[in-house]
Amino acid sequence: MIGYFNLSRLLLKFTVILTICFCSCVNSRSYDVPPDNCVSGLVANTTYTEVKNLYIGNTLQIQDDLIIEGFVVSSDVKGNFFSVLYFQDSPANPKEGFRIEIDVRDSHLFYPVGTKIGIKLKGLYLGKSKDVFKLGATFTSFGNVSVGRLPAAIVNEHVFRFCDGDVAIEPTVIAITELKKELTNTLVTFNDVEFAEEELGQPFAEVGEETERILTDCNDNQIVMSNSGYSDFQSEILPDGRGAVTGVLFRENDSYQISIRSTSDINFTQERCAELIDEFTSDSIIISELADPDNNASARFVELYNSSGEDISLKGWKLKRYTNANTEVSSEIDLSDLIINANGFLVISPNADEFETVYGFAPDLGVGTNSPADSNGDDNLQLVDPFETVIDVFGVVGEDGSGTNHEFEDGSAVRRAEILIGNSVYNIEEWLISNDSGDAGTVKQLKIAPDDFSPKSRE
């Protein structure tokens with residue numbers, strides 16, 4: 001009996017030990033990296049720029065014993081980054097950043113933000129996608145060699161953590177209008193930004209989808225925030241208000257985006273920006289010349305004129321065309337990206353290359369055929385402000401111009417020099433019109449480009 005009792009006690013003790021061991025092996029995002037998992041003798045022998053200069057157009061495997069070092073700025077602790085490390089060349093005021101693809105989950109446990117890392121480049125692949133460099137292993141798709149994730153089994157052969165200890169990363173404070181390629185893959189902060197009005201009430205990301213949300217400053221300058229649909233904060237609602245956002249800056253060609261490590265990277269303590277009034281109306285913008293050259297339909301154009309002494313933003317303005325007798329808009333041009341200078345002109349062409357060849361200078365805006373700038377002389381035009389008010393017109397909507405006092409087929413329609421204010425009702429007395437018929441108070445006179453036209457002049 002005594003032997004049986006002792007055996008039972010031994011079995012119980014063994015079970016407790018197994019339980020303790022099992023529990024201590026459970027995967028956790030909070031356990032510490034072993035203190036000896038670091039190096040101290042690794043020395044960088046090249047720069048980011050020198051590494052990038054190895055690239056000559058195709059993905060390549062680095063053959064030399066090159067080593068770079070940097071400071072980690074990304075973190076997958078909240079799941080918004082996946083199998084990638086972003087790092088920069090200095091904890092503060094970095095000159096460059098880089099990224100390496102690694103097949104390591106919970107990499108923040110081994111390479112937390114602020115960790116100084118060294119990377120042995122020999123054997124790694126260097127590639128470039130959408131004008132951005134990256135390091136990693138390689139994979140082939142449809143015969144094309146690209147940079148992919150470095151397998152977990154060999155990550156420790158290339159990526160090393162220095163024993164110096166983690167350092168504080170000072171994000172570069174920058175305005176949306178000051179973005180530059182050198183800061184790609186580095187940590188930045190935007191101050192005085194907010195989520196766009198139309199984004200409010202939305203979650204950070206749609207479930208399972210990479211989701212773009214728009215950040216804007218008080219001058220309506222914008223940058224995209226990219227959020228993972230698998231992040232821990234995916235379902236949280238975007239915060240209202242205004243303030244600072246810190247994150248890793250990345251880009252695709254000339255398109256910049258930012259990704260946060262966690263919602264603590266957002267610090268909104270101010271009220272939202274006051275509504276920016278950047279849409280203006282003015283009756284000083286008029287349609288000043290329409291051209292349909294008899295000898296070259298590709299040399300057609302529409303000219304607008306600003307008779308005021310101030311530059312005017314055309315945000316929200318449109319030029320609409322009503323073809324023949326149509327009462328529905330046939331085509332329109334959005335002028336939002338343009339500014340018309342004080343006492344200046346805006347010339348719009350349906351064929352920018354041909355316009356420059358014929359008239360000797362480029363138009364302010366090149367659009368397509370069948371647009372309002374490509375009328376064959378019997379259509380009607382409206383110039384409309386951001387508030388849908390008709391500021392100026394040519395012709396009568398619903399009336400085919402053929403044989404009327406608003407036909408300029410094979411000719412031109414030129415606004416009289418004394419007309420400085422738009423008119424929402426067509427008045428033949430404000431125009432000098434030539435065409436191929438000469439009917440209804442117009443002149444029968446064909447116009448030949450370029451001699452019979454004067455874009456950007458009211459002479």
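When the bonded cysteines of the chain are numbered in sequence order, they pair as 1-2, 3-4. The structure is a predicted model, in which local features need pLDDT of at least 70, side-chain atom pairs count only at pLDDT 80 or more, and totals for chains, interfaces and linings use all residues. Residues are numbered from 1 along each chain as its sequence is written, and side-chain values use heavy atoms, with hydrogens and water left out.

Searching the whole structure for disulfides returns two, where a disulfide is a pair of cysteine sulfur atoms within 2.5 Å. One of them joins Cys 38 to Cys 163, with an S to S distance of 2.0 Å. This pair links distant parts of the chain, 125 residues apart: Cys 38 sits in the loop between helix H1 (2–24) and H2, and Cys 163 in the loop between strand E9 (159–161) and strand E10 (172–173). Helices (H or I, at least four residues) and strands (E, at least two) are DSSP runs, numbered from the N terminus. The link of Cys 38 and Cys 163 is right-handed, with 95° about the S-S bond. Cys 38 is partly exposed at a relative accessible area of 22%, and Cys 163 is partly exposed at 39%. Here, buried means under 20% relative accessible area, exposed means over 50%, and partly exposed lies in between (1.4 Å probe, protein chains only).

The other bond joins Cys 218 to Cys 273, with S to S at 1.9 Å. Again, distant parts of the chain are linked: Cys 218 belongs to the loop between strand E12 (211–217) and strand E13 (222–227), while Cys 273 belongs to the loop between strand E16 (266–270) and strand E17 (285–291), 55 residues apart. The link of Cys 218 and Cys 273 is left-handed, at -75° about the S-S bond. Cys 218 is partly exposed, with a relative accessible area of 28%, whereas Cys 273 counts as buried at 15%.

Attention now turns to charged side chains. Side chains of opposite charge can pair when their charged atoms come close. Across the whole structure, 26 salt bridges are found, each being a side-chain nitrogen of Lys or Arg within 4 Å of a carboxyl oxygen of Asp or Glu. In one of these, Lys 52 and Glu 96 meet at 3.0 Å, N to O.

Lys 122 and Asp 65 form another salt bridge, their closest N and O atoms being 3.8 Å apart. Because Lys 122 lies in the loop between strand E5 (116–120) and strand E6 (125–129), and Asp 65 in the loop between strand E1 (60–61) and strand E2 (67–72), the pair ties together parts that are 57 residues apart in sequence. Lys 122 is partly exposed at 42% relative accessible area, whereas Asp 65 counts as exposed at 58%.

A salt bridge of 3.1 Å, N to O, connects the side chains of Asp 364 and Lys 456. Asp 364 is found in the loop between helix H4 (352–359) and strand E24 (365–366), and Lys 456 in the segment after strand E29 (443–444), 92 residues apart. Asp 364 counts as partly exposed at 33% relative accessibility, as does Lys 456 at 34%. Finally, a network of salt bridges links Lys 128, Asp 131, Lys 181, Arg 251 and Asp 254.
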